[in-house]
Amino acid sequence: MKRLFATLATIGRLALPYFRSEDRWPGRLLLAAVIGIELSIVAITVILNQWYNRFYNTLQNYDWNGFVSAILFFCALAAIYTVLAVYQNYLNLWLQIRWRRWMTQTYLRQWLNTANHYRMQLLGDAADNPDQRIADDLQIFVQQTLSIGTGILNSVVTLCSFIFILWTLSEDAPLHLWNGLTIPGYLVWAALIYAIVGTVLTHRIGWPLIPLNFQQQRFEADFRFNLVRTRENSEQVAALQGEAAERERHLDRFSRVVGNWIAIMKRQKQLQFFTQSYSQASVIFPYLMVSPVYFSKAMQLGGMMQTASAFSSVQNALSYFVTTYQSIAQYRAVVTRLSGFEDAIIAGRDVALTPPAIEVLPRDNSNVISIDRLKIRLPNQEPLVNAEHIVLSPGERVLVTGPSGIGKSTLFRAIAGIWPFGSGRVLVPKDAKVMLLPQRPYFPVASLAAAVNYPARLGTFENARLAEVLTAVGLGQWADRLDEEAHWNRMLSLGEQQRLAIARVVLQEPDFLFLDEATASLDESAEASLYRLLHERLKGTTIVSIGHRSTLGAFHRRRFEVARGEAASEVRDVSLVAAE
């Protein structure tokens, strides 16, 4: 019961926010319409149950006029039922897409909020495969919540309606046992016992499907994600002749998919043996229960058929858990995955807000970045880099040097506000634009114009301006192909990608620019040309570069050296005389 209440609380936490959102009134109206139609359909089944009595009695009594009247009444009822069923499905689908749209927008906003997705990865990414959780799990959650919810509602209302009918029919034709013993409402008790036994046995047989479905979704997503990684890095795989290694890795991951699938198959086979036997027995069981009364001639054929129909309705309502167990098992796995994803989002957000953490704060009436008592740590809290006091003034050119792996890139991430682990403060001028360029830039799969504009919207800069900047960074051959769509991280060489990233910088004109070996794939001549371009176009921009080439000294007038200290690396300000 504790697990049940905990699961219901989780479902409520995931589902209810939509019905309190800005889209709440359309959502509530659609939900009310779906529920209203569901109740109307139950009412029709109650009317049909009474129709059974009249119809079969007309057959038994050879009543032609009564037979024709019953057929016409059924046709009218069937027409109403058809309209209700069609519109229930239509409104249900409409509610699904509105609900899913809102949840998708909400989850994307939370996941992609101020580098939260990055922090989640740094914490170990307990919510594996966010793409699957947003694309697949949300769709299944919305669909199954409505399906299972309306199914439970139908079962409860059907149970309440037909238990009364069944009890009344049992009183009209009670079951008499030996010594004059009579069981009141025996049909109700028989249906209840039958359903309870079926539910208990179904759960005992089928409960392992819940963790198995959870694992299956995880293994499928891992397999798909690694296939995408191979596609994204096909050049490196081909250059290293790593096809055999990739194939072995993919087959190893797929073997987990197959192994878990076989475990699901075996458990479903056991469950279906029982549920199919249970369903087949359900067809004949009502007649077995009614037969003693019917053959004692205490009931007509119509009464028998009505009683059997009412018994079946009660038994089906009570057995809802049995017939939908596999769907419920999949649904619970989805609920668990979405709940875990929400927890990971919250953990990623909290790690940046809960002390000790590196604070990146805006400061009024200032045009410098000020770093005070910055102590950068790894996610496991191991010390990495210390910077006691650093001031970066407008227009400065600073070179950061030091051995590889000492923490230079992490220092940049901390200043940019995406690395929370540690303590200290980074004060940034209010409304200042800070831009960090990594060694391997990112480009969306879109038109070249959109790739250059990124992260600004397409159309922020005119095509003529884009063409001019592309020519300035040495990509003039692409200037007339701005509307071409491609996967630019695969289409362009790494050197060309770095040129394209510099073109972004020239367009964006940031106040503070951090270049993390952002020109390392270019030759010294091309690198020098790009730095001269930055100096010409961005005279007021503070440029801080990580680099290992001695030639970079000519473009910087100040140098920070990151050197190993006793507990952590230390950032030291070293004067540098620039060569003209």
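This is a predicted model: local features need pLDDT of at least 70, side-chain atom pairs count only at pLDDT 80 or more; totals for chains, interfaces and linings use all residues.

Residues are numbered from 1 along each chain as its sequence is written, and side-chain values use heavy atoms, with hydrogens and water left out.

Rolling a probe the size of a water molecule over the atoms shows where empty space is left. On a 1 Å grid over the protein atoms alone, a cavity is a set of points where a 1.4 Å probe fits but cannot get out; a pocket is an open set with protein on both sides within 12 Å along at least five of seven lines; and lining residues have an atom within 4 Å of a point. Grid points are joined across faces, edges and corners, and a volume is the space filled by probe spheres set on the points.

The count comes to 1 cavity of 30 Å³ or more. The largest cavity has a volume of about 40 Å³, and its lining consists of I371, I390, L392, V400, L411, F412, I415, V544 and F560. By class these are 9 nonpolar, no polar and no charged residues (Ala, Val, Leu, Ile, Met, Phe, Trp, Tyr, Cys and Pro count as nonpolar, Asp, Glu, Lys and Arg as charged, and the others, Gly among them, as polar). Strand β5 (383-392) and helix α13 (408-416) each supply at least two residues of this lining, and α13 gives the most, with 3 residues. Helices (H or I, at least four residues) and strands (E, at least two) are DSSP runs, numbered from the N terminus.

The second largest pocket holds about 1400 Å³ of space. Of the 38 residues in its lining, L4, L8, I148, I152 and I328 lie nearest the centre. Elements that give two or more residues to this lining include α1, α2 (24-60), α5 (130-172) and α12. The largest share, 11 residues, comes from α5. The lining divides into 27 nonpolar, 9 polar and 2 charged residues.

On the surface, V83, V86, Y87, Y90, W94 and I97 form a nonpolar patch with about 630 Å² of accessible area together. Such a patch joins nonpolar side chains (Val, Leu, Ile, Met, Phe, Trp, Tyr) within 5 Å, from residues with over 30% relative accessible area and no salt bridge. Areas come from the Shrake-Rupley method with a 1.4 Å probe, and for residues only the protein chains shown count as cover. V83 is found in helix α3 (residues 64-111) and is partly exposed at 48% relative accessible area; buried means under 20%, exposed over 50%, and partly exposed in between.

Side chains of opposite charge can pair when their charged atoms come close. A salt bridge is a side-chain nitrogen of Lys or Arg within 4 Å of a carboxyl oxygen of Asp or Glu, and the whole structure has 14 of them. In one, R13 meets E342 at 2.7 Å, N to O. R13 lies in helix α1 (residues 2-15) and E342 in helix α12 (residues 325-353), so the pair ties together parts that are 329 residues apart in sequence. R13 is partly exposed at 36%, whereas E342 is buried at 14%.

The side chains of E468 and R537 also meet at 2.7 Å, N to O. Because E468 lies in helix α15 (residues 463-472) and R537 in helix α18 (residues 524-537), this pair ties together parts that are 69 residues apart in sequence. Finally, E396, R558 and D573 are linked in a network of salt bridges.

Conventions. Patches are made of residues with over 30% relative accessible area and no salt bridge: like charges are joined within 9 Å, nonpolar side chains (Val, Leu, Ile, Met, Phe, Trp, Tyr) within 5 Å. Buried means under 20% relative accessible area, exposed over 50%, partly exposed in between (1.4 Å probe, protein chains only).
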